[in-house]
Amino acid sequence: MPAPLLHIETTPALPASADAVVIGGGIVGAFAAYYLARRGLKVALLEKGLIGAEQSSRNWGWCRQQNRDARELPMATKSLSLWESFAAETGEDTGFRRCGLLYLSNDESELAGWARWGDFARGVGVTTHMLDQTQASEKGAATGRRWKGGVFSPSDGTADPSRAAPVVARAVMKLGGSVHQMCAARGIELEGGRLSGVVTEAGTIRTRIAVLSGGAWASSFCRQLGIRFPQASIRSSILSVAAGAEDLPPALHTAAVSATRRGDGGYTLAISGRARVDPTPQQMRFARHFVPMFARRWRSLAPGGIEGWKSGHETLSRWRLDRPTPMEFNRILDPRPDQTQIRLTLERARALLPALEKRPVSAAWAGYIDSTPDGVPAIGEVGSLPGLVLAAGFSGHGFGIGPGAGHLIADILTGEPPIVDPKAYYPDRLNGSAWGKVADF
Ligand SMILES: Cc1cc2nc3c(=O)[nH]c(=O)nc-3n(C[C@H](O)[C@H](O)[C@H](O)COP(=O)(O)OP(=O)(O)OC[C@H]3O[C@@H](n4cnc5c(N)ncnc54)[C@H](O)[C@@H]3O)c2cc1C
């Protein structure tokens, strides 16, 4: 069974023109469209499949500052407030709750790392509490084990991946924007070197502004425009179990396995960082840029299969604007979950949390996580193509910071003061070397 997803009604009728066109209806594109529409722009949001159907519905739902890289922390903090204000502004429920995130460990070096991060984070105003042995064991009572220590970050939380992007897209429509599912953008038209339209499979929308929030498809789209965007994805496999387990922490991380309460009362189970690398043409093209990232994470990665190659999201081929593109042949990137990983995750979760023992598996799925070489997203105008803002490469953290990213995109495009300093996100930084700059997770 694939990841659960709320389906929303949208319209096939494209506007002839728009103030801004957003390409890609994941959490980032949905929030970008929302903040643009709130500023009075006429926005069209294009999604080649279903809103939220790729990474944005396949994740754990964590919205965290805890252990966040310094470059992303300000956006993570702002995003937590934006998740809340979105609900107040629209009456829509993304499932966001500041339930707090609990990390438990018996590993001294892991605990020391969390303590170091805590010292830095408290200095910039983040609330995070180190837990001693007694506190960790009490907070982790559901495991029935003793823990050497842990961390609790009370102001962090989770939102519901099965509904967040769809309800944000619904809010865009309430503000007068239009949303178009099963509608791939094939390319960009230029006039005098500036963006003048977005060509879709259903016609062209005249516009001077476009946002490319195409997740794992962004680099192959950029290639059509002569823009070099080093991006690669890995396949992560996770599962959910049915509701009914009582008294578990809402969001728990351990090195062995993590568990997150879902909107339906079930739990998402996953092994943090564990993924398969499915080779693709694009991955080979950018391989040397990812060496530092790989050197940091190789212990959690395993070789994958040919599905990345077959799915077409990392193709190096060129496509034509008057013919179906790879995006129309693969409406929803839905890679096969790694069954060995799923079995291991379930086994570890049931061993860690006895209350899960009798809970049946409700779904298992995989998602391609798109990453930049330094693990920080690329958000900003592309120098070579005025009018185009790139917003991709969210490197496994884009769900939680989706609101902040969307807000920043709207700030850039409307000339408002940016919600956070945008420098760390400039796409142009990826033209240099990524050695030594890989994000701390
Ligand atoms: C297993 C897993 C666990 C994760 N856990 C977390 C977590 O706990 N917290 C967290 O913050 N992040 C997490 N992430 C990462 C997070 O899900 C992503 O960073 C985030 O969802 C990226 O959002 P996006 O909008 O950039 O991309 P996506 O959600 O992938 O959306 C991109 C959309 O663009 C569409 N598209 C692409 N090209 C075109 C085109 N040309 N025309 C029209 N549409 C197009 C695609 O169909 C897709 O729907 C996890 C990811 C996975 C897979």
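A: Accessible areas here come from the Shrake-Rupley method with a 1.4 Å probe, and for residues only the protein chains shown count as cover. On that basis the protein exposes about 17,200 Å². Carbon and sulfur atoms supply 54% of that area.

The model is predicted: local features need pLDDT of at least 70, side-chain atom pairs count only at pLDDT 80 or more, and totals for chains, interfaces and linings use all residues. Residues are numbered from 1 along each chain as its sequence is written, and side-chain values use heavy atoms, with hydrogens and water left out.

Now the domains, whose bounds come from an automatic or database domain assignment. Domain 1 is pieced together from 20–97, 156–233, 281–287, 303–334 and 370–430. Domain 2 covers 101–154. Their centres, taken over C-alpha atoms, lie 33 Å apart. Where they are in contact (heavy atoms within 4.5 Å), domain 1 gives 13 residues and domain 2 gives 11 residues.

Next, the whole protein. It holds 13 helices and 21 strands; these are DSSP runs, with helices being H or I of at least four residues and strands E of at least two, numbered from the N terminus. Its C-alpha trace spans about 65 × 45 × 40 Å along the principal axes. Of the 441 residues, 58% are buried, meaning under 20% relative accessible area (1.4 Å probe, protein chains only). Among contacts with a separation of 6 or more, 76% join residues 24 or more positions apart.

Technical notes. Buried < 20%, exposed > 50% of the residue type's maximum accessible area, 1.4 Å probe, protein only.
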